[in-house]
Amino acid sequence: MATSFVCRASATNQTLSFFRLSFNFLKSFSTSAPSDNASSTSSASKKPNRKKKKNLFEVAQFLPNWGIGYHMAKSHWKNVSYEITKINLYKDGRHGKAWGIAYKDGIPADAPKKISGVHKRCWRYIPSLSKSLESKPMSPKSTETVPEIEVQTA
């Protein structure tokens with residue numbers, strides 16, 4: 001019984017070594033070093049990697065309050081932008097829906113509308129048109145609510 005076990009083990013080892021050798025033989029063909037002519041042409045044809053453009057949500061994620069109140073436009077638009085008024089973000093943080101006021105030549109449209117093409121990778125932030133938070137006057141309602149909160153906590 002021991003001899004049959006030893007024979008069976010040696011046959012298995014021979015089979016495994018055969019497969020290992022054949023695999024290494026095939027692998028040597030796929031990873032062989034290219035010739036000098038091929039390497040010189042491939043290095044000349046290498047192009048620098050292009051920077052991946054961002055969709056609206058990838059641009060807005062770095063702005064305060066996810067870009068609400070800031071102006072964004074597609075990179076190929078001239079004199080057209082959107083002031084973001086609302087963002088409905090999906091769980092992954094890179095997709096969702098957005099609404100905004102359209103601006104053409106600096107003149108706003110009537111009401112906010114849903115922005116189309118928010119997932120396309122061509123959006124940019126326009127810093128010159130964005131409202132700064134310091135320039136916004138505080139409404140009287142917001143100053144009235146602050147003392148009420150203090151009274152409730154005290």
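Let me start with the sheet: strand S1 (residues 71–74) and strand S2 (residues 80–89) run antiparallel and are joined by two bridges. A word on terms: strands (E, at least two residues) and helices (H or I, at least four) are DSSP runs numbered from the N terminus, and two strands count as paired if DSSP finds at least two bridges between them. This is a predicted model, where local features need pLDDT of at least 70, side-chain atom pairs count only at pLDDT 80 or more, and totals for chains, interfaces and linings use all residues. Residues are numbered from 1 along each chain as its sequence is written, and side-chain values use heavy atoms, with hydrogens and water left out.

Across the pair, histidine 71 is opposite glutamate 83 of S2. Glutamate 83 in turn stands opposite isoleucine 101 in S3. S2 and strand S3 (residues 96–104) are antiparallel, with nine bridges. They too form a hairpin, this one with six residues between the strands, and glycine 93 in the turn has a positive phi of about 85°.

S1 has another partner. Three bridges join S1 to strand S6 (residues 123–125), again antiparallel, and here alanine 73 faces arginine 124. As for side-chain direction in S1, His71 and Ala73 point one way, Met72 and Lys74 the other, and all are buried. Buried is under 20% relative accessible area, exposed is over 50%, and partly exposed is in between, using a 1.4 Å probe and protein chains only.

Next, the core. A nonpolar core here is a set of buried Ala, Val, Leu, Ile, Met, Phe, Trp, Tyr and Cys residues joined through side-chain atoms within 4.5 Å. The largest has 15 residues, and Leu56, Met72, Ala98, Ile115 and Trp123 touch the most other members. Helix H3 (56–60), S2 and S3 each supply at least two residues of this core, with H3 giving the most, at four. What does isoleucine 115 touch, not counting residues up to four places away in sequence? Taking contact as heavy atoms within 4.5 Å, isoleucine 115 touches Tyr82, Ile84, Ala98, Trp99, Gly100 and Trp123.

Now the rings. Rings of Phe, Tyr and Trp (its six-membered ring) pair if their centres lie within 6.5 Å; planes under 30 degrees apart are stacked, over 60 edge-to-face, and the rest tilted. That rule gives three aromatic pairs. In one, tryptophan 77 and tyrosine 82 have ring centres 5.9 Å apart and planes at 45°, so the pair is tilted. Tryptophan 77 is partly exposed at 21% relative accessible area, while tyrosine 82 is buried at 8%. Trp77, Tyr82 and Trp123 make up one aromatic cluster.

Last, asparagine 55, in the loop between helix H2 (36–45) and H3. Is asparagine 55 buried or exposed? Its relative accessible area is 2%, so asparagine 55 is buried. The side chain of asparagine 55 reaches the backbone nitrogen of phenylalanine 57 at 3.1 Å and that of glutamate 58 at 2.9 Å. Not counting residues up to four places away in sequence, asparagine 55 touches Arg94, Val118, His119, Lys120, Arg121 and Trp123.

How values were computed. Polar contact = N/O pair within 3.5 Å; in protein donor to acceptor, adjacent residues only side chain to side chain.
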